[in-house]
Amino acid sequence: MRPGSLPDRLAARFIELSGTCPNAMSQNDSSPRALPADVDETLALLEAGHYVADRSLSTVLYLSLALGRPLFLEGEAGVGKTEIAKVLAETLGRDLIRLQCYEGLDVASAVYEWDYPRQMIEIRLAEASGDRDRGALQSDIFSERFLLSRPLLNALQPHDAGPPVLLIDELDRTDEPFEAFLLEVLSDYQVTIPELGTIKAPAPPIVIITSNRTREIHDALKRRCTYHWLDYPSAERELEILRVKAPGTPARLSAEIVGFVQKLRETDLFKLPGVAETIDWADALTQLDKVALDPDSIDNTIGVLLKYQDDISKIQDSEAARLLDDVKQEMASLGAA
Ligand SMILES: Nc1ncnc2c1ncn2[C@@H]1O[C@H](COP(=O)(O)OP(=O)(O)OP(=O)(O)O)[C@@H](O)[C@H]1O
Ligand SMILES: [Mg+2]
């Protein structure tokens, strides 16, 4: 390959960046930290958590934190939506509370539930001891002692480390009534429990909502959030992600992997590979001691990248070889330009 071609430049960039890997957060360094003061600090915060963000994501995240609004992240699978909440909690030293959404998610699983078995035992004990004060018993069994907090209520309660990071993951999987309920919670950061009263957060949690857009989320909820569409990364950014997340991958191999995956994303496939698949593929090829891509290695490991048989049969064999050729040619011509 000619010097100065794109793979060479990407490989050089990889090596150059490898020397400046951001410091990992120390395991013990979990004390709460102040929110970033500007976009640059937000970028640095994400970098410290090994998250490679571009300026537009850092800007919208900074604004969400500064304005105290939930961040609504939409994007294809495996582009790093969930990871942002995890990194924020880690780098800010806050608790991470995760509400994984699914069809049929209800208040009992998302907000609170009364601990019925313990309430029954309390009633039996009261009966056995001859305690006949029904009013006192009722207010006792419907007190916080018998309340089981689920993620949303938990996020509204005081935390030693300061307001927690509340991750409401894959909201598009829930049904609309739950979405409407969530809207109420996010409007006032409070929930009302009929038997107990209203519980209000001492300070709003940092809220990250993700969706894979299997259905549209209602405008009313989106209006309360800052919105960001998380796209597949550019080649440069994906290479940087590999440097951080798959540091053992040889530089040349990383550059070719990124080139191939980027090319694959221009192909008509049922499910395009996300960043997660790129990282897995780099790990797999490194595990097989590969230092460069070749058609056979692609064919043998394509299942790490593509997860649908129709997609695999479309790419395997001649198409993989042709794509790899295309990638190399295109990169060489870009390098010559
Ligand atoms: N910009 C990035 N910087 C560093 N790592 C990233 C980045 N984007 C994605 N990753 C990595 O890719 C993997 C997948 O990310 P994540 O689970 O957040 O994706 P997702 O968008 O939530 O996917 P899904 O929709 O399938 O839940 C994680 O291991 C994460 O660390
Ligand atoms: Mg996710």
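Three helices each supply at least two residues of the shell around ligand 1: H4 (81–92), H11 (235–245) and H13 (275–287). Helices are DSSP runs of H or I with at least four residues, numbered from the N terminus. The model is predicted; local features need pLDDT of at least 70, side-chain atom pairs count only at pLDDT 80 or more, and totals for chains, interfaces and linings use all residues. Residues are numbered from 1 along each chain as its sequence is written, and chains are lettered from A and ligands numbered from 1 in the order in which they are written.

Around ligand 1 lie 20 residues, each with its C-beta atom, placed from the backbone, within 6 Å of the ligand. Gly-80, Lys-81, Thr-82, Glu-83 and Ala-276 come nearest. Ten residues of the shell are nonpolar, seven polar and three charged. Nonpolar covers Ala, Val, Leu, Ile, Met, Phe, Trp, Tyr, Cys and Pro; charged covers Asp, Glu, Lys and Arg; the others, Gly among them, are polar. Domain 1 (22–109 + 150–230) and domain 3 (247–336) each contribute at least three residues to the shell. These bounds come from an automatic or database domain assignment.

Val-39, Thr-42, Leu-43 and Leu-46 in H2 meet Arg-55, Ser-58, Thr-59, Leu-61 and Tyr-62 in H3. Contact requires C-beta atoms, placed from the backbone, within 7 Å. Five of these residues are nonpolar, three polar and one charged.

The protein averages a pLDDT of 88, and 89% of the residues score at least 70. pLDDT is the predictor's confidence in each residue, from 0 to 100. Over residues 1–28 pLDDT stays under 50.

Terms used:
Two residues are in contact if their C-beta atoms, placed from the backbone, lie within 7 Å.
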